Amino acid sequence: MKRCLIFFLSFGITQCYFSDKYQEYFFKTLKTCHKIKELSIYPTKAIYSIPPCDEKLQVSLGNVTIFKKNIFHNLTALKIITIFGSPKDGIIRFENNTIDFSKNQILKKCKLLNVGLNESTIIKLPESGSRLNEIDLSGNKFKTFDLSILKDSKHLRVLNLNSNQLSNLAGNFSKLLKLAKIRMSSNQISFLPKKLLNTIRAPQLIAIFLHDNKYRNLNDLNFHEISLHHKDIKIYLGQNDINCECPSSPILLEGIKLERIVGECSDGEKLKNAINECNSVKESNSKNSVSTFIITISLFLLHLLV
């Protein structure tokens, strides 16, 4: 609190840290914190209002913290917001189950870490014209995630959905043309539909992180749709116990570099050899099938002529 008192006297402070004990007094006294470049709050009960800030807001929350409706509306100059949930259960009570950042047009980084969010949580991000380039929703409880939430985040470069309970994604990536990294490690993903992968068109995309998921078969590595629009993209698949059994259809991975494979196909060379071998067998079987068909037809026609 000492730094805050100095601020009131000199208006020269750049950081302020306080907890519940001083929250009410601080917010009643301070109408604006445009001189504060970083505001860190460590409450254990509730946050009812926050004065406008220029740069950063970091909130570390206790088990019973409540965020009131529209609490972020006056933070129009905020560039970075980080909210850390309780390390015990990560449950935060957002009024009406809604988090509304729609008024924060210059917000660049939004991090809501381990706060108990799930697919029923309503997240309102800045509308068209937003400068948001990173959103981190890791450590929450999403079983599915609707990408349409991000439809107006046209400058988004990093999407972090690590450490949730994801098994699938709703919506598509078609509006996210500035994406560079997609992080979906430590989830329950075993397969991503081709229709969804085909919407990943961001030319600057360099990596997709899928560590520690449920990929098990070569047949599930259907990343060819991505390679049609990107060159030398890396897909990280560490801690997925992938076996080398030949899939039911050819595997096309041109332009894709798979990293940190585990299981029977535990390194890139083994994986490459397995894929080539499987595809060769299928090609050979296909040719044999065609040859057998031609011979059968020829014998049938010969029989008719005789």
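Is phenylalanine 67 buried or exposed? Phenylalanine 67 is buried, at a relative accessible area of 1% (buried means under 20%, exposed over 50%, partly exposed in between, with a 1.4 Å probe and protein chains only). The model is predicted: local features need pLDDT of at least 70, side-chain atom pairs count only at pLDDT 80 or more, and totals for chains, interfaces and linings use all residues. Residues are numbered from 1 along each chain as its sequence is written, and side-chain values use heavy atoms, without hydrogens and water.

**Aromatic pairs**
- There are six aromatic pairs (rings of Phe, Tyr and Trp, the last by its six-membered ring, with centres within 6.5 Å; planes under 30 degrees apart are stacked, over 60 edge-to-face, the rest tilted).
- Phenylalanine 67 and phenylalanine 94 are stacked, because their ring centres lie 5.2 Å apart with planes at 5 degrees.
- This pair links distant parts of the chain, 27 residues apart: strand β4 (residues 66-67) holds phenylalanine 67 and strand β6 (residues 93-94) holds phenylalanine 94 (strands are DSSP E runs of at least two residues, helices H or I runs of at least four, numbered from the N terminus).
- Phenylalanine 94 is buried at 9% relative accessibility.
- Phe67, Phe72, Phe94 and Phe101 form one aromatic cluster.

**Asparagine 187**
- Asparagine 187 lies in the loop between β14 (181-183) and α3 (194-197) and is buried, with a relative accessible area of 2%.
- Beyond neighbours within four places in sequence, its contacts (heavy atoms within 4.5 Å) include Leu161, Leu166 and Asp212.
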